[in-house]
Amino acid sequence: MAWEYSEKTKQLFMDAVHGKPGTHLGEIENPDGFGEHGSIACGDSMRFTFRVRRHPTDPTKDVITEARYLTFGCTSAIASSEALCTLIEQGGYTPIQALSITNEDIVKFLDGLPQQKIHCSVMGAEALESAVFNWAQKRGVDLESLGVRIHADEEKEGRIVCKCFGLSEPYLRRKIEELNLRTIPEITGATKAGGACMACHHAPGGLQDLLNEVWGASGTRLRVVPKVERQPPPEPAPSPPALSPYQYAKRIEKTIDEIVRPMLAHDGGDVEIIDIKDNLVFCRLEGACAGCASAGQTLKLMVEKTLKDLVDERIRVVQV
Amino acid sequence: MRLIYADNNATTPIAPEVVEAMTPFLTHDFFNPSSMYEPARKTHEAVVRARKAVADFFKVSDPRQFIFTSCATESNNTAIVGVAKAVPGRRQIVTTAVEHPAVLEVCKDLQRQGHPVTFLPVDRDGKLDLRQYIRAIGPETLLVTIMHANNETGVIFPVAELARIAKEIDPAIVFHTDATQSVGKLPIDLEGEFRHVDLLSFSGHKLHTPKGIGALFVRRGTPMRPLLIGGHQEEGRRAGTENVPYIVGLAKALELAAANLDDEATRIRALRDRLEQALEATIPWVQVNGRRAPRLPNTLNISCHFVEGEGMLYQLSAAGICASSGSACTSGSLEPSHVLRALGVPFTAVHGSIRFSFSRYNTEADIDRIIEVFPQVVSNLRRISPYWDAANNTPRPEAIAMLEAASRNGGTAAPARSVDNRP
């Protein structure tokens, strides 16, 4: 499927990759706020830094003057990062005010994003939050007493619901509420949760259960059919061999070592046993025999015949 | 801007000779080959001739062993599901972790219906371990389905040998191969080296026909129930009115491929190798996937550490170059390529994978242009990447440490899950 990005998204991406002046690419040294979100394993991650103009007495009146990002991710992840920095710098926000920027503002700034790319805008908002948390620590601002909820450490706590992307229950519960997610595809589009193996969709405590808990179980709830345990097919009873499998394989090895190898050695060759499975012996000719056009013949007429005569007439040799 | 098409493992440009061969059947010779009146003889005979031409390509004496389908996906579905239906006494299927979804998902579907399925892993070069292969085959084994050449990496499996080993263990085992990427690129002699292969799938649009035509080789005596029923066509093995113009086009495409198989392979291999060497020489931190294994001459799969594939594709596209990526962001599933993960491509590189694949219509000038554009594309994104030190053009120390820690743990592409345990 070709790209469905808006002109704005494409333009911001191209400006960023070409390092056009006015873009927000980079990392501020000794920043006032530093935040990260995502990981390279998941396919996108962002490092977000900002600098403030410090208020002499009241740190809560610091104003963000400069915002920079480094982003590993797709076209829309990079464009979202650019959008976030532009919104923040244009707004003249304090860090706490900047928290009011949501992923929807980013999507709006970009003139929309395809549904499966919404998570790119969410990443920007999360990185911002984590940077504000960092600023508050540095400046000694008690966010909680100001009534500001920060979730930067949330992922480290709580049960993991989506194991593929490592997303926790508190994080998903909050995102479902904040972004008004009503279906599993909406959750996947916004957070990636359930986008890979899909095992968490209808598992107990999975995405559907979270949706039900947040929004109440409506009549549309999918009934989860209890999994029917299948009996594995019974192992076929092996016919009792005269020798134990160990003794049988030993006998074959011994015969090859004592009889076959010396014969092949005359011609500068050798044989390797790859595997022994019931009466099948998987072999590879080596040395001078390896490239020989009659390798197959040698195995059949010489190796196989010797083993048939001396160990068991049911033996067959397979060239590997 | 000149378009450079380097995504021939996805589909290929249509050969003018193929269009010419098809045209009469898209215009005046429209008759149903099954009809009784005289004009229908022409379409009937065209299908017979085409089947003969397809059989000649594979050096098969009885052309009726080929049935025409709509695409390789249909051929694969017909082969796998058809064999499972025809042999109710056996259950187990042996396949690999790197098959195309048209095989992998069919096998997983049968697994949900109770068939035990073994997904053989591959090593870091993309190769199978023959010992594991031998051990996977047992008295319950119904079908072995292993691709000839991989669509993403171009790695070639020794299918002729694998088929022979399966038959030597137990002649009742059915052997299927998906040869979609190799037909027209590698010689396949179904009555010679490949005589132990029972079923072989391929499609036309990978060798310069329009999309919408495939074929399935079904060796005489192979137990297989049809997937599409409701007509006598293809001797009841695939119902539906024959797609005459496309069947004629497929035959023509195979004739063209056969005429230049060796020369073209040599020329295309030289193009690919030149690109591979140039990119490796100019871009730090890249790896060529599947290089130490036998590979298709036309495929280059290269992973660039610490960048993401979609952003590369977009910039290439803006420069008029068409390629594809194994990155999660281009897959629609949010997960990076199952093939590259099976190869153990490190998680720092799996998202930055690009596949260039060539055909007989690519030129030296195409390669020059890619060599000119691609290194810049990578360095543009690395400049933005939080894992890259742009000043020294190397990964940041903490990024290298992360990669080393992961390889110590045997970790590759997260999430760490064994392919065998997937439902």
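Reader: What makes residues of chain A count as being in contact with chain B, and how many are there?
Author: In this predicted model, 36 residues of chain A are in contact with 39 residues of chain B. Two residues are in contact if their C-beta atoms, placed from the backbone, lie within 7 Å. The model is predicted, so local features need pLDDT of at least 70 and side-chain atom pairs count only at pLDDT 80 or more, while totals for chains, interfaces and linings use all residues. Residues are numbered from 1 along each chain as its sequence is written, and chains are lettered from A and ligands numbered from 1 in the order in which they are written.

Reader: Which element gives the largest share of the side of chain A that touches chain B?
Author: H1(A) does, with four residues. Helices (H or I, at least four residues) and strands (E, at least two) are DSSP runs, numbered from the N terminus. By class, that side of chain A has 21 nonpolar, eight polar and seven charged residues. Ala, Val, Leu, Ile, Met, Phe, Trp, Tyr, Cys and Pro count as nonpolar, Asp, Glu, Lys and Arg as charged, and the others, Gly among them, as polar.

Reader: Why is A:Glu286 called partly exposed?
Author: A residue is buried if 20 or more other C-beta atoms lie within 10 Å of its own, exposed if 12 or fewer, and partly exposed in between. A:Glu286 has 14 C-beta neighbours inside 10 Å, so it counts as partly exposed. A:Glu286 lies in strand S7 of chain A. Beyond its neighbours within four places in sequence, A:Glu286 is in contact with A:Gly269, A:Asp270, A:Val271 and A:Glu272.

Reader: What makes H5(A) mostly covered?
Author: Of its 22 residues, 19 are buried. Helix H5 (residues 118–139) of chain A reaches 32 Å from its first C-alpha to its last, close to the 32 Å expected at 1.5 Å a residue. The expected span is 1.5 Å times one less than the number of residues. Just after H5(A), A:Gly140 takes a positive phi of about 70°.

Reader: How do you know how H2(B) and H7(B) are oriented?
Author: Helix H2 (residues 40–57) and helix H7 (residues 244–259) of chain B pack at an angle of about 30°, with their axes 9 Å apart. Angles under 35 degrees count as roughly parallel, over 145 as roughly antiparallel, 65 to 115 as roughly perpendicular and the rest as oblique. H2(B) is therefore roughly parallel to H7(B). The residues of this contact divide into 13 nonpolar, one polar and one charged.

Notes: Axes are lines fitted to C-alpha atoms, for helices over the stretch in contact, and angles run from 0 to 180 degrees between N-to-C directions.
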